[in-house]
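Here are my notes on the model, point by point. Please read them with the coordinates open.

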Amino acid sequence: MTLEIFVPFWGDPALLRETVDSVRAQRDGDWRLIVIDDCYPDESVPEYFAGIDDERISYIRNEKNLGITENYREAIRRATTSHITILGCDDLLHPNYVGLVKRVIARLPEVDVIQPGVEVIDENGTVIRPLVDRVKQGLLAPRGGKGIALLAGERMATSLIRGDWLYWPSLTFRTETLQRIDFRDGLPIIQDLALLMDIAFEGGSLAYVPELAFSYRRHGSSASQKTLLDGRRFRDERAYFAIARGLADEKGWRRTRVTARARVMSRLHAVTELPGVIRHGNRAGLQSTLAHIFAV
C-alpha cells in the first residue's frame, strides 16, 4: 500500500527542505510525496525540486494563491490512494511514520483517522513542552498502555469537544472520508476540529497510537497566536461549540452536548491566554477572550 503525503506549502523554504528530508528518510519507502506550492514568492523552491532525482516526489505550483483551506482541498482532490497524510510544510516525520500508519491500517482497515505519538519542537528544532501540549498529551489524550486506542462516534466526538488533543499535520486519513466530508466554510481558525467532529458525527472512528513518530513545530509568533490576540480564535470556537451542541442534540448524544455547552477546557485556555491578550492584544481580542470565559 502506497501512502500519499501531501505538503500544502506557504512558508520557510529552509524548513520545507527539512520536511522533505524527513519523508525521504522513511524506513518504509512505499510513499509518494506531492508538494503543492500556493504561489510562495521564492524562486529557490521550484529550483530545489527541479534538482531532486526521485520519481516519488512531485512538485506542483498553483496558478493563483488559493489560501490554506482551498490548498487542503486541492490536495484531497489530487489524492489517488486509499489513505493520505496532509503534512505541515515545517513539520517532521520520524523514520518510522509510514511503517507505523501502515501497521494500523492493516489491523484496522476501516478506521478514518490515525493519530501517532507526537513531540513538539520550536522553530530551531528543539523539543519543547508548552502548557498547551502538556494538557493535550497528559490530560486530554486517551490513556492506557502502548497499544491502539480506538474511539468512534459519540466517544470520539465527546473526547474532541472536551479538548482538541490531536495534531492535524500528523494525521493520516482514509481518502474516501476526506472526499466525502468537506471542511466547513466560515471557520478557518478551527477548520480541523470542525472536520474531525463531522467525521465523528457521521459515525467515523479515530485510532490513537502513542508510539512517537512525528515532530510538530510550534512557533513562538505563529499565525494561530495572532488569532488569539485579535479575538478570532475564541470567536470561531464559540461559534463551532454552538453548532456542535445542535448536532449532538440531533443525534441524542447527551455527553457530547453537555461537554460542548460547558466547554471547560476551552474556557481554561482563554483564562491562561488572558494576560498575554491584555499585554499584546487589541480591544477585540480582549472582548472576545472575556466573552469566551464568562458567556454561557
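1. Gly 203 follows helix H8 and has a positive phi, near 85°. Helices (H or I, at least four residues) and strands (E, at least two) are DSSP runs, numbered from the N terminus. This is a predicted model: local features need pLDDT of at least 70, side-chain atom pairs count only at pLDDT 80 or more, and totals for chains, interfaces and linings use all residues. Residues are numbered from 1 along each chain as its sequence is written, and side-chain values use heavy atoms, with hydrogens and water left out.

2. H8 spans residues 191-201, and ten of its eleven residues are buried, so the helix is largely enclosed by the rest of the structure. Buried means under 20% relative accessible area, exposed over 50%, and partly exposed in between (1.4 Å probe, protein chains only). Among the buried residues of H8 are Gln 191 and Asp 198, as well as Leu 195, Leu 196 and Phe 201.

3. The largest nonpolar core has 47 residues. Such a core is a set of buried Ala, Val, Leu, Ile, Met, Phe, Trp, Tyr and Cys residues joined through side-chain atoms within 4.5 Å. Trp 165, Trp 168, Leu 196, Met 197 and Tyr 240 have the most contacts inside the core. H8 gives the largest share, eight residues. Other elements that supply at least two residues each include strand S2 (31-37), helix H3 (68-78), strand S10 (205-217) and helix H10 (232-251). A second, separate core has 35 residues, including Leu 33, Tyr 48, Cys 89 and Ala 213.

4. Which residues does Trp 168 touch, leaving aside its neighbours within four places in sequence? Its contacts (heavy atoms within 4.5 Å) are Tyr 72, Ile 86, Phe 173, Phe 183, Asp 192, Leu 195 and Leu 196.

5. The axes of H8 and H10 come within 11 Å and cross at roughly 0°. Axes are lines fitted to C-alpha atoms, for helices over the stretch in contact; angles run from 0 to 180 degrees between N-to-C directions. H8 and H10 are therefore roughly parallel. Angles under 35 degrees count as roughly parallel, over 145 as roughly antiparallel, 65 to 115 as roughly perpendicular and the rest as oblique. From H8, Ala 194, Met 197, Asp 198 and Phe 201 meet Tyr 240, Ala 244, Leu 247, Ala 248 and Lys 251 of H10. This contact has seven nonpolar, no polar and two charged residues. Here Ala, Val, Leu, Ile, Met, Phe, Trp, Tyr, Cys and Pro count as nonpolar, Asp, Glu, Lys and Arg as charged, and the others, Gly among them, as polar.

6. Helices H12 (residues 264-280) and H13 (residues 283-294) have axes that come within 9 Å and cross at roughly 155°. That makes H12 roughly antiparallel to H13. Nine nonpolar, four polar and one charged residues form their contact.

7. Helix H4 (residues 97-107) is mostly covered, with eight of its eleven residues buried. Lys 102 is one of the buried residues.

8. Arg 218 lies in the loop between S10 and H9. At 21% relative accessibility, Arg 218 counts as partly exposed. Arg 218 and Arg 129 are 89 residues apart in sequence, yet 10.0 Å apart in space, C-alpha to C-alpha. Leaving aside neighbours within four places in sequence, the contacts of Arg 218 include Asp 122, Glu 123, Asp 133 and Tyr 167.

9. Lys 226 is in helix H9 (residues 223-229). Lys 226 is exposed, at 51% relative accessible area.
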